[in-house]
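Please read this briefing alongside the sequence and the coordinates.

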Amino acid sequence: MTTNVDAIVIGAGQGGGPLASALASAGRKTVLIEREHVGGTCVNEGCTPSKTMIASGRVAYLARRSEDYGVRTGDISIDMPTVRRRKREIVDSFRSGSKRSLAETDGLSLLMGEARFTGSREVTVTLNEGGTQTLTAGTIVINAGERPSTLEIDGADSVPILNSTTIMELGEVPGHLMVIGGGYIGLEFAQLFRRLGADVTVIHRSGQLVSREDPDIASEMQKILEQDGIRVLLNATTTSIQGSAGAIRLAVEVDGETETIEGSHLLAAAGRTPNSDSLDLAATAVEMDERGYILVDDRLRTNVDGIHAIGDITPGPKFTHISYDDYRILQSNLIDGKQRSIADRLVPYTIFTDPQLGRVGLSEKEAQREDRAYRIARMPMSSVARALETDEPRGLMKVLVDPGTDQILGAAILGLEGGEVMSMIQIAMMGKLPFTALRDGVFAHPLLAESLNNLFFAFEDEQG
């Protein structure tokens, strides 16, 4: 039996869940399909659990540094089951709240199961409780997200390998955690488990960590991690994996020479894979790129009329707040009849290392690639009064400004509460304020915000 509805949303993530509720509240009979957990990656395996655990790591870090502040404590030990239990409780709370909200929405049905297309307007769901259900709709939105990629390395199938989900379920601190991948996810977990007491080695194929960032920012990030006791190997390729649980050996080529690294645990943090391969998109003629990401236009429409895609399953930025903004754009277009677009939206993000890296707008590399003229204002966090007073002066502030208009082009704030400081700069960019408005603004002393006064007096020679 086939059931016809007005809209089908595949995936109850940070975009799909709110969009399904909005469509139903607008009077459209809507079915939301989720194969595992309401809330998507963010609530269940991403932002919420990892940042909860990172908070525990920061407490451990400050506790070990307590004598720097004139505070003496006893020996520091880590109760990993309690760290894990706190993480689980917060995840359960967020997930339950999302599920309860969906259940209270009139006109919305939640189906738990695996969705696949059996036509350009038809979706068949293999229900988790058994059986199947086939649905048709004039509007279909795909919010199926990504998953951690597996390692394509000789011997990878012979040892237990952690990913960004399973590492948060450990009941003990690793003796030596080896991390393959020096991107955002790998570095957050590397620092977290170093602070919890593990020895940590990061193995990265590129010549710099966080390859998307400017070299000076990446270099400062590496310096901070190495100060924390993390070993970083760049231009390093893992060629084979051997051993067993608790005793894993990696053969790693570094600058043409092979080194054997032994550790107790191995984290694969070298990329993610879109979940399009389970959707049978061949039944729809929806176009994808070579990696399996669903191609959309600036209004999040696929090449097939009536089918849209949002969030991490598209080639765009992979952030929760971008997925949520995708939902807001589709809500405006599908319900309110507007023509909102993703073109030219600012894409802020924060890497939750400690200190944080907050980023928005153009990097210097991107400005050079676009042949843009720019000026750079740069200042070390050691020149920020608040950072010195709290004894957390690591990092630097860097902003690009258009020399013709004085508009801010982009910012990278690697420092204490870098994400929050970056957001202040983003607000100025959204309001199209010239940098002089921040340079000359009066901010309460001694906040981190006050650093913007001095930062915008720290211009280097014009570039570009």
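This is a predicted model: local features need pLDDT of at least 70, side-chain atom pairs count only at pLDDT 80 or more; totals for chains, interfaces and linings use all residues.

Residues are numbered from 1 along each chain as its sequence is written, and side-chain values use heavy atoms, with hydrogens and water left out.

**Overall form**

- The protein chain contains 12 helices and 20 strands, these being DSSP runs numbered from the N terminus (helices: H or I, at least four residues; strands: E, at least two).
- Along the principal axes, the C-alpha atoms of the protein chain fill a box of roughly 70 × 60 × 45 Å.
- Of the contacts in the protein chain between residues at least 6 apart in sequence, 63% join residues at least 24 apart, where a contact means heavy atoms within 4.5 Å.

**Surface and charge**

- Buried residues account for 51% of the 464 residues in the protein chain (buried means under 20% relative accessible area, exposed over 50% and partly exposed in between, with a 1.4 Å probe and protein chains only).
- The protein chain exposes about 20,500 Å², of which carbon and sulfur atoms supply 47%; accessible areas come from the Shrake-Rupley method with a 1.4 Å probe.
- There are 46 positive and 64 negative side chains in the protein chain, and the centres of the two sets lie 3 Å apart; Lys and Arg count as positive and Asp and Glu as negative, without His and the chain ends, and each charge is placed at NZ of Lys, CZ of Arg, CG of Asp or CD of Glu.

**Aromatic pairs**

- The structure holds 6 aromatic pairs (rings of Phe, Tyr and Trp, the last by its six-membered ring, with centres within 6.5 Å; planes under 30 degrees apart are stacked, over 60 edge-to-face and the rest tilted).
- The rings of Tyr324 and Tyr327 form an edge-to-face pair, because their planes stand at 65°, with their centres 5.0 Å apart.
- Tyr324 and Tyr327 are separated by about one helical turn, because they lie 3 residues apart in helix H7 (residues 320-335).
- Tyr324 is partly exposed at 36% relative accessibility, whereas Tyr327 is buried at 10%.
- The rings of Phe435 and Phe456 have centres 5.7 Å apart and planes at 35°, so this pair is tilted.
- This pair links distant parts of the chain, 21 residues apart, with Phe435 in helix H11 (residues 435-439) and Phe456 in the segment after helix H12 (451-455).
- Phe435 is buried, with a relative accessible area of 4%, and Phe456 is buried at 1%.
- Tyr184, Phe319 and Tyr349 form one aromatic cluster.
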